[in-house]
2 protein chains.
Amino acid sequence: MKVSTRFSDSIHLLTFLVIYKGKTTLSSNIIASSLNTSPVVVRRLMSNLRDAGFIKTTHGSPDTELLREPKDISLLEIYLATEGKSPLFAIDHETNPDCIVGGNIQPTLTDYFSHAEIAAEAVLGKISLQDVIDTILVKEAAKKQAENSKEE
Amino acid sequence: MKVSTRFSDSIHLLTFLVIYKGKTTLSSNIIASSLNTSPVVVRRLMSNLRDAGFIKTTHGSPDTELLREPKDISLLEIYLATEGKSPLFAIDHETNPDCIVGGNIQPTLTDYFSHAEIAAEAVLGKISLQDVIDTILVKEAAKKQAENSKEE
DNA sequence: ATACTGGTAATTAGATAAGTTACATGATTT
DNA sequence: AAATCATGTAACTTATCTAATTACCAGTAT
């Protein structure tokens with residue numbers, strides 16, 4: 001896996017806020033147990049999401065609030081807020097400038113790779129947090145249904 | 001950067017083989033100086049490219065050969081041969097199965113993320129090694145031109 | 001007041017990639 | 001045939017990054 005779990009964890013966190021709002025205390029401890037990680041990691045994710053303007057947190061109190069509508073939040077925005085600083089495809093090297101290849105490959109690949117990255121981001125831009133929530137709820141309903149029909 | 005330099009280095013290596021064929025000894029030492037890395041790293045890249053069927057190498061002799069036409073090799077194929085084992089976007093966690101979110105988010109995101117990955121790969125699939133070579137040669141020619149006009 | 005809770009720094013641990021050393025083996029040159 | 005140069009790999013070291021952990025401060029709520 002090339003992209004860290006911060007991205008998927010952030011989506012998970014935001015989804016949790018929506019689905020469990022009013023049903024559970026939205027503390028970093030409880031969220032951490034859903035994510036199966038430590039509360040500190042959750043708080044770090046929350047700090048980042050707060051700085052990016054997705055949520056409002058209250059120091060000392062677990063009343064975290066989503067500030068925007070799930071249907072208006074794209075996975076791309078979450079991606080950019082969590083991982084988007086560095087490019088997806090790396091061209092780290094200082095290649096040899098005296099070589100025809102080494103002297104020209106960096107801008108060449110940077111350009112081509114950015115096309116690929118933009119394509120991936122375009123897809124993420126069309127998926128909303130609401131889409132994720134809806135899919136999860138559909139899957140959960142299907143699970144329940146499967147359980148019920150088993151009992152009969 | 002999320003994807004290692006093996007991908008870009010492999011493209012660099014293959015491009016070098018084409019552009020410098022017959023003009024230089026294609027030894028791992030010489031290629032390494034273009035890539036600005038060590039010969040062992042180059043040999044490791046070559047081993048991988050050989051196993052993937054792109055090149056033929058000869059133990060003891062630097063007569064490495066490209067086995068396929070550059071116009072028929074896409075960057076996607078090189079990507080898959082060098083980095084394609086693991087998905088681009090990670091969902092590493094064993095999330096809590098007793099939670100509506102934790103119990104359903106993994107397949108949900110796996111699905112959405114694969115769409116993004118496929119979009120990126122589709123772009124890479126349309127770029128050929130020949131495209132890279134052509135772009136590099138054009139840039140090199142432009143450099144030479146700029147130098148000449150400066151001298152006048 | 002006391003017990004939770006968020007905020008954050010500092011440290012540790014684990015994974016991965018790249019560079020390095022070393023050496024075996026094949027090819028080439030003289 | 002011997003010496004040289006090449007590839008093929010294994011083993012080790014470094015560097016970097018992520019995540020987990022520990023610890024502590026500060027705010028909230030009962």
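Me: Which elements cover the buried residues of α4(A)?

Reply: This is a predicted model, where local features need pLDDT of at least 70, side-chain atom pairs count only at pLDDT 80 or more, totals for chains, interfaces and linings use all residues, and side-chain values use heavy atoms without hydrogens and water. Residues are numbered from 1 along each chain as its sequence is written, while chains are lettered from A and ligands numbered from 1 in the order in which they are written. Cover is judged here by contact, meaning heavy atoms within 4.5 Å. For the buried residues of α4(A), that cover includes α5 (105-125) of chain B, along with α1 (6-19), α3 (39-51), α5 and α6 of chain A.

Me: How many of the eight residues of α4(A) are buried?

Reply: Buried means under 20% relative accessible area, exposed over 50%, and partly exposed in between, using a 1.4 Å probe and protein chains only. In α4(A), L75(A), L76(A), I78(A), Y79(A), A81(A) and T82(A) are buried. The helix is mostly covered, and the number of buried residues is six.

Me: What pattern does chain A follow along the sequence?

Reply: Helices (H or I, at least four residues) and strands (E, at least two) are DSSP runs, numbered from the N terminus. Chain A has six helices and two strands. Written in order, the pattern is α-α-α-β-β-α-α-α.

Me: What radius of gyration does chain A have?

Reply: This radius is taken over C-alpha atoms, and the globule rule is 2.2 Å times the number of residues to the power 0.38. A compact globule of 152 residues would come out near 15 Å. The C-alpha atoms of chain A fill a box of roughly 70 × 45 × 25 Å along the principal axes. The radius of gyration of chain A is 20 Å.

Me: How do β1 and β2 of chain A pair, and which residue is the bridge partner of I55(A)?

Reply: Two strands count as paired if DSSP finds at least two bridges between them. Strand β1 (residues 55-58) and strand β2 (residues 61-66) of chain A are antiparallel, with three bridges. The hairpin has two residues between the strands, and G60(A) takes a positive phi near 95 degrees there. As for I55(A), its bridge partner in β2(A) is L66(A).

Me: And in chain B, which residue does K56(B) stand opposite?

Reply: In chain B, β1 (residues 55-58) and β2 (residues 61-66) run antiparallel and are joined by three bridges. Their hairpin has two residues between the strands, with G60(B) at a positive phi near 100 degrees. Within β2(B), the residue opposite K56(B) is E65(B).

Me: Is V101(A) buried or exposed, and which residues is it in contact with?

Reply: V101(A) sits in the loop between α4 (75-82) and α5 (105-125) of chain A. Its relative accessibility is 0%, so V101(A) counts as buried. Leaving aside neighbours within four places in sequence, V101(A) is in contact with H12(B), T15(B), F16(B), I19(B), Y20(B), S34(B) and I136(B).

Me: Where does S128(A) lie, and what does it touch?

Reply: S128(A) is in the loop between α5 and α6 (129-151) of chain A. It counts as buried because its relative accessible area is 11%. Not counting residues up to four places away in sequence, S128(A) touches P70(A), K71(A), I73(A) and S74(A).

Me: What is the relative accessibility of I118(B)?

Reply: I118(B) belongs to helix α5 of chain B. Its C-alpha atom is 9.9 Å from that of L88(B), which is 30 residues away along the chain. I118(B) counts as exposed because its relative accessibility is 52%.

Me: What is phi of N36(A), and of N36(B)?

Reply: Most residues other than glycine have a negative phi. N36(A) lies in the loop between α2 (28-35) and α3 of chain A, and N36(B) lies in the loop between α2 (28-35) and α3 (39-51) of chain B. N36(A) is partly exposed at 46% relative accessibility, and N36(B) is partly exposed at 44%. Neither is a glycine, yet phi is positive, about 60 degrees for N36(A) and near 60 degrees for N36(B).
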